[in-house]
Amino acid sequence: MTAVLITALALPLGTPAHAAPAADAAAAAITVEVIASSGSGCAAGTASVVGNGDNTGFRVRYRDFVAEAGGDAGVADRRKNCQLGVLVSIPDGWTIAIASANYRGRAALKAGASALQRTSYYWQGSSATERKDVTFSGPLNGLWTTWDVAPVLTYAACGSQSVLNINTELRVSPGSSTGTSTMSMNSTEGDVDTLFNYSVSAC
């Protein structure tokens, strides 16, 4: 199941003078670092970020982010969440916007069960938070992916350090199902992560 999401992002102001060619964008050494994490889906040390080698974005990887319901699962297992603060450092002479995000995980939902993936992200200091929900219905077994695309790009200040706050939640409802249903974003399960794509421009 694939869902395409459209959202307008409220990011720090600052418009670049011109868009940089793709080849020049690779020269910008953009770095990312997790500086804060909390929530039942990302205990300390279980979430990480890594920049793409070509500076086009970064990936968030979770090692213990799974919600489950039914069977022997407890009520607290039905909802798991993770709040991350990612420090994005932009070199002098460059600026970025978050152009899109791709979320990937795995689901094992019994017939009659349902699940929710909810993610919001915003630059620290922004007054607006955009949130999108995607729901899934069983039976479903395998990889799921959703997209969040910014129709209007708003750029961060040139050569700045900005914190991107990322809030993600997984919920599973057993409904009329029998047995255990799960919804996860664990990178240990294969081709699973969250990808944030930049639009990079010279100032």
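Start with the aromatic pairs: this structure holds six of them. Rings of Phe, Tyr and Trp (its six-membered ring) pair if their centres lie within 6.5 Å; planes under 30 degrees apart count as stacked, over 60 as edge-to-face and the rest as tilted. Select Tyr62 and Phe65, an edge-to-face pair with 5.0 Å centre to centre and 70° between the planes. Are these two buried or exposed? Tyr62 is buried at a relative accessible area of 2%, and Phe65 is buried too, at 0%. (Buried means under 20% relative accessible area, exposed over 50%, partly exposed in between, using a 1.4 Å probe and protein chains only.)

A quick note on what you're looking at: this is a predicted model, where local features need pLDDT of at least 70 and side-chain atom pairs count only at pLDDT 80 or more, while totals for chains, interfaces and linings use all residues. Residues are numbered from 1 along each chain as its sequence is written, and side-chain values use heavy atoms, with hydrogens and water left out.

Next, pick Tyr103 and Phe196. Their ring centres are 6.5 Å apart and the planes sit at 85°, so this pair is edge-to-face. Tyr103 is in strand 8 (residues 94-109) and Phe196 in strand 14 (residues 194-202), so the pair ties together parts 93 residues apart in sequence. (Strands are DSSP runs of E, at least two residues, numbered from the N terminus.) Tyr103 is buried at 2% relative accessibility, and Phe196 is buried at 0%.

Time for some charges. There are seven salt bridges here, each a side-chain nitrogen of Lys or Arg within 4 Å of a carboxyl oxygen of Asp or Glu. Select Asp191 and Arg104, which meet at 3.1 Å, N to O. They link distant parts of the chain, 87 residues apart: Asp191 is in the loop between strand 13 (181-184) and strand 14, and Arg104 is in strand 8. Asp191 is partly exposed at 46%, whereas Arg104 is buried at 14%.

Hop over to Arg118 and Asp133, whose salt bridge is 2.9 Å, N to O. Arg118 lies in strand 9 (residues 114-123) and Asp133 in strand 10 (residues 130-137), so parts 15 residues apart in sequence are tied together.

For the last stop, click on Glu169 and Arg171, a salt bridge of 2.2 Å, N to O. Glu169 is buried at 8%, and Arg171 is partly exposed at 36%.

Terms used
Helices (H or I, at least four residues) and strands (E, at least two) are DSSP runs, numbered from the N terminus.
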